[in-house]
Amino acid sequence: MPDLTPYFDALDATWPAEEVIPCGPFTLRRSAGGGKRVTAATAQGPATVADIEQAERGMRALDQLPMFSLSPDDGALDDLLASQGYASVDRTNILTIPAADLAAETPNPEQVSLAVWEPLAIQLEYWTEGGIGPDRISVMERADCTKTTLIGRHENSPGGTAYIGIHDDVAMLHALEIVEPARRMGVGTSMTIQAAQWAQAQGATTFCALCVESNTAANALFAKLGMQLAGQYHYRIKES
């Protein structure tokens, strides 16, 4: 089984919670919104039912739904959570490629992206239309890493937006959003290539994207660019 630690470390650094809290064998994450990645607990070692119940109390005290993020190494915990009424959701692919390989591709010259930090108003508008609201923008803003956003281009107008962060030598693509008129026009492909080119210029050697397994369009885009499945993770949520 491949070591997924560099990708999970990059995820924590490029899409960070507001606070991490030790709780027995778990790490709890506190965030005012921002999605599952910044509110789910993760295990640092073997856990018992009593440990899970303690973590549940901790998450409820933070006004958060009890939820755990599980890697392939967490099989025993996965089974234990299932026995305690936790439902499995959002199986997510970790897709990777050497940054140099993707950066060597040629994007459409008419779809040149502009790298900017901080995000511009038009990018915030595009993200909002795609369901990426202020809480997720706050995650990007508090990330203490080398980072940028890209403004994609389509027919001499902005066509999309994305956020890229780097931790150690791993660049991670987040929040790729293509506006409706630019979809299926190659803008996502061009933006992903240019994200890798930016990342390589900053010293990254691995380029990574996280994609929910059910998002067939995004998975197809990354596969077409030669990105390979390094592994998966998923969540367990206490529904009642």
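This is a predicted model: local features need pLDDT of at least 70, side-chain atom pairs count only at pLDDT 80 or more; totals for chains, interfaces and linings use all residues.
Mentor: Residues are numbered from 1 along each chain as its sequence is written, and side-chain values use heavy atoms, with hydrogens and water left out.

Trainee: In which order do the three strands of the open sheet stand?

Mentor: Helices (H or I, at least four residues) and strands (E, at least two) are DSSP runs, numbered from the N terminus. Two strands pair if DSSP finds at least two bridges between them. Five bridges join E1 (residues 19–23) to E2, and two bridges join E2 to E3 (residues 42–43). The pairing in this open sheet is antiparallel, and the order is E1-E2-E3.

Trainee: Why is one side of E1 and of E3 left without a neighbour in the sheet?

Mentor: The open sheet has the order E1-E2-E3. E1 and E3 each have a single partner strand, so one side of each lacks a neighbour, and both stand at the edges.

Trainee: Which residue in the turn of the E1 and E2 hairpin has a positive phi?

Mentor: Cys23 stands opposite Phe26 in E2. The hairpin of E1 and E2 has two residues between the strands, and the one with a positive phi, of about 60 degrees, is Gly24.

Trainee: How many of the five residues of E2 are buried?

Mentor: Buried means under 20% relative accessible area, exposed over 50%, and partly exposed in between, with a 1.4 Å probe and protein chains only. Strand E2 (residues 26–30) is mostly covered, and the number of its residues that are buried is four.

Trainee: Which strands and which helix do the buried residues of H6 pack against?

Mentor: In H6 (residues 134–142), the residues Ile137, Val139 and Met140 are buried. They lie on the same side of H6 because they cover an arc of only 150 degrees around the axis, the arc being that of the directions from the helix axis to the C-beta atoms. With contact meaning heavy atoms within 4.5 Å, the buried residues of H6 pack against helix H5 (121–129) and strands E7 (146–154), E8 (157–167) and E9 (170–178).

Trainee: Which element gives the most to the lining of the largest pocket?

Mentor: On a 1 Å grid over the protein atoms alone, a pocket is an open set of points where a 1.4 Å probe fits, with protein on both sides within 12 Å along at least five of seven lines, and lining residues have an atom within 4 Å of a point. The largest pocket has a volume of about 1100 Å³, and among its 37 lining residues the closest to its centre are Leu176, Glu177, Cys211, Asn215 and Ala218. The elements that each supply at least two lining residues include E5 (86–98), H7 (187–201) and E10 (206–212). The most, six residues, comes from E9.

Trainee: What is the volume of the second largest pocket, and which element gives the most to its lining?

Mentor: The second largest pocket has a volume of about 480 Å³. Of its 21 lining residues, the closest to the centre are Phe8, Thr42, Ala43, Ser71 and Asp74. H1 (5–14), E3, E4 (67–70) and E11 each supply at least two residues of this lining. The most, five residues, comes from H1.

Trainee: Which residue of E11 is the bridge partner of Ser88?

Mentor: E11 is mostly covered, with eight of its 11 residues buried. E4 pairs with E11 in the antiparallel sense over four bridges, and Ser69 has Tyr235 as its bridge partner in E11. E5 also pairs with E11 in the antiparallel sense, over nine bridges. In E11, the partner of Ser88 is Arg236.

Trainee: Is Asp63 buried or exposed?

Mentor: Asp63 lies in the loop between helix H2 (49–61) and E4. Its phi is near 60 degrees, a positive value in a residue other than glycine. At a relative accessible area of 74%, Asp63 is exposed.

Trainee: Is Ala175 buried or exposed?

Mentor: Ala175 is in strand E9, and its phi is positive, about 55 degrees, although it is not a glycine. With a relative accessibility of 18%, Ala175 counts as buried.

Trainee: Which peptide bond is cis?

Mentor: Most peptide bonds are trans. Glu118 is placed in the loop between strand E6 (114–116) and H5. The cis bond, with omega near 20 degrees, runs from Trp117 to Glu118.

Conventions. Grid points are joined across faces, edges and corners, and a volume is the space filled by probe spheres set on the points.
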